[in-house]
Amino acid sequence: MARIELTEESLRATVDRHVFAQAVALADKVAGLSAAGPQVKASVDGTDVSVRVRPGGLDAHCACPAAAPYPAPPCPHTVAAVLAWVRASAKEASTAAAGADEADADLAAELRAELDEVLDELAEEAADCDPDDGWYPDTSDLEDLLDEVEDLAEEEPDAARELAGHAAGRIKDVLAAGHCLTDDLADALTRAEELRQQP
């Protein structure tokens, strides 16, 4: 069964404007709110209500005089219950989105720390190598981290571009510090710069 998308604005358009205004006033008197699929139940200012949200409107049951005889247009109690449910759902969605943003920020910070650790090791190796002998850096850890930056770009492109730019700058410093005898580090630099320029 497809989920019915309902917003405060679409609910307002579905019911009488006077009923909606009364429902707004009752919304903070909603208690025991529960929802199972399109079925919403609650107690509104001491009155028990049950509402089924349908694509064409609300199938409402309420014990108040305004709801009798059934079927009747949705009363303020039933609209208030649905309004409280819509607001709770919107708040939950907003909290989930904020949590996802925070998780992405944590991942970006963790990736930056790991990149710095790997690049610090490579810089140390470059500084210690004999300029006459040259140096064969192991860039496998760096490539793995650039894979993770690329994955992050799908969710947080700005954070990924910032990380790629940071990595590119650090890789240039490492290349300048030692005589590298393979193209692996230069290839990693090219990849980081490409990731930094992705839209």
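1. Leaving out residues up to four places away in sequence, which residues does Gln39 touch? The model, which is a predicted one, gives Ser34, Ser50, Val51 and Arg52 as the answer.

2. Staying with Gln39, two of these neighbours are also polar partners. Its side chain makes a polar contact with the side chain of Ser50 at 2.6 Å, and another with the side chain of Arg52 at 3.2 Å. Gln39 sits in strand β2, which covers residues 39–44. Is Gln39 buried or exposed? Gln39 counts as buried because its relative accessibility is 18%, and the cut-off for buried is under 20%.

3. Now for the chain as a whole. It holds six helices and four strands, and along the sequence they follow the pattern α-α-β-β-β-β-α-α-α-α. Of its 199 residues, 37% are buried. The accessible surface is about 11400 Å², and carbon and sulfur atoms account for 50% of that.

4. Taking contacts in the chain with a separation of 6 or more, 61% are between residues 24 or more positions apart.

5. Setting aside residues up to four places away in sequence, Ala81 touches Val30, Leu33, Val40, Ala42, Val44 and Val49. Ala81 and Asp48 are 33 residues apart in sequence, and their C-alpha atoms are 9.7 Å apart in space.

6. Helix α5 spans residues 157–177, 21 residues in total. From first C-alpha to last it reaches 30 Å, close to the 30 Å expected at 1.5 Å a residue. Which residues of α5 are buried? They are Ala160, Leu163, Ala164, His166, Ala167, Ala168, Arg170, Ile171 and Val174.

7. Finally, please have a look at Arg191 in helix α6, which runs over residues 184–197.

How values were computed
Residues numbered from 1 in each chain as written. Predicted model: local features only at pLDDT ≥ 70, side-chain atom pairs only at ≥ 80, totals over all residues. Heavy atoms only, no water. Helix = DSSP H or I, 4+ residues; strand = E, 2+ residues; numbered from the N terminus. Expected span 1.5 Å × (residues − 1). Buried < 20%, exposed > 50% of the residue type's maximum accessible area, 1.4 Å probe, protein only. Polar contact = N/O pair within 3.5 Å; in protein donor to acceptor, adjacent residues only side chain to side chain. Contact = heavy atoms within 4.5 Å. Areas by Shrake-Rupley, 256 points an atom, 1.4 Å probe, with all protein chains shown as cover.
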